[in-house]
Amino acid sequence: MRSIFSTVQSLVRPSAKPVLFSRPAINVAEQTLEVVGQVQIPLCLSVADLQAMPGYDWVRLTSNTCEGNAQKAQKKGYRGVLLREIVLKAGLKSDDPKGWKRAYVVARASDGYVALFSWNELINTDVGDAVLVMYRQHSHGQTELGEHLSLVSGSDRHSGARQVKWLRSIELCSIFG
Ligand SMILES: Nc1nc2c(c(=O)[nH]1)N[C@H]1C(S)=C(S)[C@@H](COP(=O)(O)O)O[C@H]1N2
Ligand SMILES: [Mo]
């Protein structure tokens, strides 16, 4: 069992092999992901840090536009880490025993684009089983590091809206602090 939160997943699956890159580091390898906000431990994760976590492949693609363009979505595939596992690493800083119930997560890109998830959605629904921070993409049969870190909510009906390209930070917040 990969983690206490892993469930049978139809949309994503643990990757079979450790990820090994023969190429020298390219763009994405130099990027980092900040985990900030109301956290116990602020994190600054490199791609190597993400690769050291359990990996998942996004295997069934919904449309990755807002409206729907299945053909375009079919060309893409990704490997990454579950967002909830990253958030759990940082932990919620709150005196309120119900703090997690009031928590939400904001994924933010360098251009200001954001996607929003409730903590309950990430930990307690099928949607959360397919929210990945991605460091590798498989396009047109190629497998290589992506040009940038990104996030996808793979089971959204149209995943474009909560696909965050150029992902820079994950912010954990709790309503009422
Ligand atoms: N950083 C960032 N990510 C973004 C956007 C954006 O403007 N900035 N647009 C979103 C929207 S509205 C869509 S439909 C998809 C489009 O993804 P594509 O360019 O891979 O088709 O990216 C999403 N991710
Ligand atoms: Mo869109």
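**Exercise 1.** In this predicted model, find which strands helix H3 lies across, and at what angle it runs to S10.

*Solution.* Start with residues 83–90, which make up helix H3. Now look at what sits against them: H3 lies across strand S2 (32–37), S3, S6 and strand S10 (167–174). Finally, compare directions: the helix runs at about 65° to S10.

**Exercise 2.** Work out the strand order of the open sheet, and say why one side of S3 and of S7 is left without a neighbour.

*Solution.* Trace the five strands across: the order is S3-S2-S10-S6-S7, with mixed pairing. Next, check the ends. Strand S3 (43–46) and strand S7 (114–118) each have a single partner strand, so one side of each has no neighbour in the sheet. On average, neighbouring strands here are turned by 20° against each other, direction ignored.

Then zoom in on S7 and strand S6 (residues 103–109): they pair in the antiparallel sense, over five bridges. In this stretch, Val106 stands opposite Leu116 in S7.

**Exercise 3.** Pick out the residues with the most contacts inside the largest nonpolar core, then follow Leu83.

*Solution.* The core has 34 residues, and Leu83, Val105, Leu132, Val133, Met134 and Leu151 have the most contacts inside it. Strand S8 (residues 131–139) gives the largest share, five residues. Now take Leu83: leaving out residues up to four places away in sequence, Leu83 touches Val105, Leu122, Val131, Leu132, Val133 and Leu151.

**Exercise 4.** Describe the residues around ligand 1.

*Solution.* Then sort the shell by class: six nonpolar, four polar and two charged residues.

Technical notes
Residues numbered from 1 in each chain as written. Chains lettered and ligands numbered in written order. Predicted model: local features only at pLDDT ≥ 70, side-chain atom pairs only at ≥ 80, totals over all residues. Near = placed C-beta within 6 Å. Nonpolar A, V, L, I, M, F, W, Y, C, P; charged D, E, K, R; others polar. Core = buried A, V, L, I, M, F, W, Y, C linked by C-beta atoms within 7 Å. Buried ≥ 20, exposed ≤ 12 C-beta atoms within 10 Å, placed from the backbone. Helix = DSSP H or I, 4+ residues; strand = E, 2+ residues; numbered from the N terminus. Contact = placed C-beta atoms within 7 Å. Pairing = 2+ DSSP bridges. Axes fitted to C-alpha atoms, helices over the stretch in contact; angles between N-to-C directions.
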